Amino acid sequence: MKTYRVVLVGYGPRGKIWSQVIQKNKRAKLIAICEINYQTKNQNSLKIPFYTKIEKAIFENNPDVIILSTPPVSRIKDLKICAKYDLPVLVEKPLALNFKEAKNLVKFMNQNKLIMMVGLNFRYLPATLEKIKLINSNKVGQPKFARFVYERWRDGTTKRLNKYPLTMDQPMLWEQSIHHFDLIRYVYDSDIKSVFATTSNPPWSMYKNDTNVNAILELKNGIIINYVGNWQSNSQILNFEWRTECEKGIIIQKKQFEDLYYKPFKSSVEKKIKLRKIKMWFDDANLLLNDFFDSIKAKKNIYKINSDHLKSLVIVDACIKSAKTGKKIQIKADNY
Ligand SMILES: NC(=O)c1ccc[n+]([C@@H]2O[C@H](COP(=O)([O-])OP(=O)(O)OC[C@H]3O[C@@H](n4cnc5c(N)ncnc54)[C@H](O)[C@@H]3O)[C@@H](O)[C@H]2O)c1
């Protein structure tokens, strides 16, 4: 079994999770951490070489892969260095905060024939995988329409959370809804056809820009999703419900990471699906990491893997365009 030598770039809250995941994964070896803020070295009790410059970290340690856990800005600088050393990259979501820039990054990695997988860890949750199985089992038939609700009071000042969302444009869409849109595409196995959306910010919001997203998403396979996502709900208890109406019944997920049920039309009780227990943020990231290694080993589908994230990011972009113009945005394949 090959051991992949990993340089982790970015040692913020997410990077710290990655460092634990990499060290637990039998196929991975954490050989260096690169973080521009030298202060974080003090918090780094690991006996891992620490760098502030990515090129030096790569040059001196000869890694097989890079995990880029930095904020989604100016990623081209680091990708250029990774490409110079012929290194595949696992990069955190969202790839960029601008659709055009994201397209350019994908083009750049494609030109270099290097994998750049974007870290959509929610795809690997048992609730997600079991929902896909349920749909394929035909127990309640094919999905036709759905309601996706995520109402959260996110305290952006909390120490364990990144700070840039407090001042960035459309923080909910780029940072959080991107996970939801990606799950919607992944679970219903279809790309987006059209988007109609509004975004807004409640008067009490601690965020500079919009934390409320209301959208109607129409997929190419005809499924219509009513999406409500926000970060400044005025309850500290997160409300999550993803309910799918199918030909012969319903599927409901009642919690963000678990609580999956289905109910055939004629049944009066919801049947709970037994889900494998996981350690959230760790086991899902570990499965993602293994998927990344498998993709490198398979040496195929590079362009498909690299461009996949654009098909979710285009929904974010369309929400922004729709909110600005008040119009429904049609999405064509040449948009991504
Ligand atoms: N997939 C998930 O569930 C999940 C969860 C949290 C965060 N994230 C994503 O992970 C990324 C990082 O999030 P975070 O919360 O750790 O952000 P953060 O801003 O708190 O931390 C990022 C760290 O990267 C460092 N950094 C910035 N540019 C760098 C560079 N070029 N080279 C080396 N270090 C650099 C910063 O100094 C900082 O310490 C973001 O894209 C975020 O959206 C994903």
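Biologist: Which residues does Arg 5 touch, leaving out those up to four places away in sequence?

Modeller: Arg 5 touches Lys 29, Ile 31, Asn 62, Pro 63 and Asp 64. Keep in mind that this is a predicted model.

Biologist: How far is Arg 5 from Ser 177?

Modeller: Their C-alpha atoms are separated by 32 Å. Along the chain, the two are 172 residues apart.

Biologist: Let's zoom out. How is the protein divided?

Modeller: Into two pieces. Domain 1 is 4-120 + 284-302, and domain 2 is 123-277 + 314-335. Taken over C-alpha atoms, their centres are 27 Å apart.

Biologist: How many residues does each domain put into the contact?

Modeller: Domain 1 gives eleven residues and domain 2 gives 14 residues. On the domain 1 side, helix 8 (residues 283-298) supplies the largest share, three residues. By class, that side has eight nonpolar, one polar and two charged residues.

Biologist: Now the ligand. Which residues are closest?

Modeller: Gly 10, Gly 12, Arg 14, Glu 92 and Asn 162. The ligand is surrounded by 25 residues. Helix 1 (residues 13-24) gives the most to this shell, three residues.

Biologist: How does the shell divide into nonpolar, polar and charged?

Modeller: Nine are nonpolar, ten polar and six charged.

Biologist: Where does the ligand lie relative to domain 1 and domain 2?

Modeller: Between them, because both domains give residues to the shell around the ligand.

Biologist: What about the largest nonpolar core?

Modeller: That core has 80 residues. Those with the most contacts inside it are Val 7, Leu 8, Val 195, Ile 315, Val 316 and Cys 319. Helix 9 (residues 302-325) contributes the largest share, ten residues. Domain 1 and domain 2 both give residues to this core, so the core lies between them.

Biologist: Take Val 195. What does Val 195 touch?

Modeller: Leaving out residues up to four places away in sequence, Val 195 touches Ala 215, Leu 217, Ile 315, Ala 318, Cys 319, Ser 322, Ile 329 and Ile 331. There is also a second, separate core of six residues, including Leu 134, Ile 135, Cys 246 and Tyr 262.

Biologist: How many helices and strands are there in the protein?

Modeller: Nine helices and 15 strands. The radius of gyration is 20 Å, close to the 20 Å from the globule rule for 336 residues, so the protein is as compact as a globular protein of that length. Buried residues make up 41% of the 336 residues.

Biologist: Backbone next. Where is the cis peptide bond?

Modeller: A cis peptide bond joins Lys 93 and Pro 94, with omega about -20 degrees. Pro 94 is in the loop between strand 5 (89-92) and helix 5 (99-111).

Biologist: What is phi for Asp 189 and where does Asp 189 lie?

Modeller: Phi is about 50 degrees, positive although Asp 189 is not a glycine. Asp 189 lies in the loop between helix 7 (171-188) and strand 8 (192-200). Asp 189 counts as partly exposed, with 14 C-beta neighbours inside 10 Å.

Biologist: And what is phi of Trp 281?

Modeller: Near 80 degrees, a positive value in a residue other than glycine. Trp 281 is in the loop between strand 14 (271-272) and helix 8. With 15 C-beta neighbours inside 10 Å, Trp 281 counts as partly exposed.

Note on methods: Residues numbered from 1 in each chain as written. Predicted model: local features only at pLDDT ≥ 70, side-chain atom pairs only at ≥ 80, totals over all residues. Near = placed C-beta within 6 Å. Helix = DSSP H or I, 4+ residues; strand = E, 2+ residues; numbered from the N terminus. Nonpolar A, V, L, I, M, F, W, Y, C, P; charged D, E, K, R; others polar. Domains from an automatic or database assignment. Core = buried A, V, L, I, M, F, W, Y, C linked by C-beta atoms within 7 Å. Buried ≥ 20, exposed ≤ 12 C-beta atoms within 10 Å, placed from the backbone. Contact = placed C-beta atoms within 7 Å. Rg over C-alpha atoms; globule rule 2.2 N^0.38 Å.
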